[in-house]
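Biologist: Please take a close look at one strand here and the strands that pair with that one. Then place that part in its chain.

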Amino acid sequence: MFQALKGIDLTIHRGEFVAIMGPSGSGKSTLMNLLGCLDTPTTGSYRYEGIEVETLNANQRSLLRRYALGFVFQGFNLLPRTSALENVELPLLYRGMARKEREEKSIAALNSVGLPNKLNNTPGELSGGQQQRVAIARAIVTEPSTLFADEPTGNLDSVTTQDVVEILTRLNANRGITILLVTHEEDVAACARRTIVIKDGLVASDTTRS
Amino acid sequence: MIWNAFAIAVREISRNLTRAFLTVLGIFIGVASIITMVTLGEGATLAVKEQISSLGSNLLTLRPGAGFGSRGSSAGVPHFTEKDAVILGEQIASIAAIAPVRTASLSTIYLNNARASTITGTTSTYFQINKWNIAEGRFFTDADLRSGSAVCVIGNTVRVELFGTDNPIGASIRIGRASIEVIGLLATKGQAGMGDQDDTIIMPLSTLQRRLIGRTSSNDINQISISAVEGTDSIALIAEITQIMRQRRNLQSNQDNDFNIFDTRQIAETLGSTTQLMTMLLAAVAGVSLLVGGIGIMNIMLVSVTERTREIGIRLAIGATASEVLLQFLVEAVTLSCIGGLVGILLAFALCYGLAQVIKVPFHFNTQINVIAFAFSAIVGVLFGYTPARRAAKLNPIDALRHE
């Protein structure tokens, strides 16, 4: 059996901004999916805020994602034919929040990513950069303690890449959200204080800027 | 949680109206066709039964000739006599009423209207045997029969053709060479399997014999109508009649019957089972169309499964539990199936109502088939809408997200 990760020993502290780098196929995305509870490891132990994640069932992992984690993907993963506002509202809907509060929070989130005028546009009517900003708004509208971003700038040009990096940096600095950012672009990784390089399923280097 | 799933499901349906429409279409065509076919088929069965029973339920008709088929010709076979009818009525206890019948086809004229009509000469028991009711005027009486009065009663078709909107009662029509007064109008019976029963003129047998066609022989009765006592075994009755008639017609034991007995109850049973078979055939055809509708739904669901698997992945990733996602898909499937089923039932109701009038069968709402069709459509919709979702919701979120 192919092992994407062979032995990773990591501790990430609350409020850190970590960039995970590595060549294609190094296992960096797998690492992030495991940390984000989107995938389950075959062996090993993972504690999130003291919770033994590998002992949780699928339902409990869903609830952990619902209340603590946010995701941004390379391919945006917005619901098609669904307005930006409704996409952002979705995680709040699963939290059972009342309609009015849901709308206020979603509008605020879209404002904070610089999209106050695109509430009713569907993904098809938005550019890549705008779609990714909607996805970020959806990830942060629940005020998660940790945000996972898997190659969030992989499909974007350099100008919009810069926008997204700025938004992430601001979220980490102002709101204290822990951010794990997977990327293979040096200048994107440069915004993080700590950079972990994965190679062949192992940690090759782990450096923290002072 | 249920309300939440319902809200999400309705939102999801409204977002993809084409998919929703195609799903509903598959269901409602299936439902509408099966209900329509079964309901109309049953209506036809009912109509046949009603018409047969309007002929008279225990009615037997004695005719000269060997019966149906190639040997059934009545040419050269002697007709019956009035005495035959009297003897049968006297000797067989299970005969409730008996009437000799002589028919003739003659031209009838009223003012400027002329047409050929079948004239029936008989006794007054004929009305009772054949379940005729009077709409206006009166039947003729035994006194009319004895004196051979120039009176007749007419069926509604004759009234319409000859009199139009005029009142026929008391008017005189010319039948053949004689002028006959109309004393009664019969209540309509409608179309039976064997032609328009209302196209008839009935008069005393003696009137027909003496005034219209003249009498050349006593063997001039071409039909004897018999009604049996309620609950009679018609096979035994037919045997008794056959025995007496063979005697009276001097048939040797090596000779076949030269008369036949037509039993309406047997005809009713045969026709009833034939139409029932038709209904079952129609139901089978409709069942196939329901199945085709189901396959249509399955196709729509399978085509959208990639998109929907990704959708499930997204929902799981942002924190929905598998059961919440499944509940949403279940509500979606149930909602679409129920809408399809209800629209199908309404359409079938309208179709049955309209078509029943066009093809002249009674419309009778069949609760059972409506429930069956609705339940089937709901099951098909839920099965095909829910099963792919169940598979997707069991995946790791990341595998659902990456589904191609």
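**Strand E6 of chain B and its partners**

Modeller: Start with one pair: B:Ser172 has B:Glu181 as its bridge partner in E7(B). This is a predicted model. Four bridges link E6(B) with strand E7 of chain B, residues 178-186, and the pairing is antiparallel. The two strands make a hairpin, with two residues between them. In the turn sits B:Gly176, whose phi is positive, about 60°.

E6(B) also pairs with strand E2 of chain B, residues 95-110. That pairing is antiparallel too and has two bridges. Here B:Arg174 of E6(B) is the bridge partner of B:Ile109.

Now the side chains. E6(B) covers residues 172-175, and its side chains alternate. B:Ile173 and B:Ile175 point to one face and are buried.

Next, the chain around the strand. Chain B has 13 helices and 12 strands. Of its 404 residues, 38% are buried. Among contacts in chain B with a separation of 6 or more, 83% are between residues 24 or more positions apart.

Last, the side that touches chain A. There, 18 residues of chain B are in contact with 21 residues of chain A. The elements of chain B that give two or more residues to this side are helices H1 (2-15), H10 (305-317), H11 (322-358) and H13 (397-401). H10(B) provides the largest share, four residues. By class, this side of chain B has 10 nonpolar, five polar and three charged residues.

Notes. Residues are numbered from 1 along each chain as its sequence is written. Chains are lettered from A and ligands numbered from 1 in the order in which they are written. This is a predicted model: local features need pLDDT of at least 70, side-chain atom pairs count only at pLDDT 80 or more; totals for chains, interfaces and linings use all residues. A residue is buried if 20 or more other C-beta atoms lie within 10 Å of its own, exposed if 12 or fewer, and partly exposed in between; C-beta atoms are placed from the backbone. Two residues are in contact if their C-beta atoms, placed from the backbone, lie within 7 Å. Two strands pair if DSSP finds at least two bridges between them. Ala, Val, Leu, Ile, Met, Phe, Trp, Tyr, Cys and Pro count as nonpolar, Asp, Glu, Lys and Arg as charged, and the others, Gly among them, as polar.
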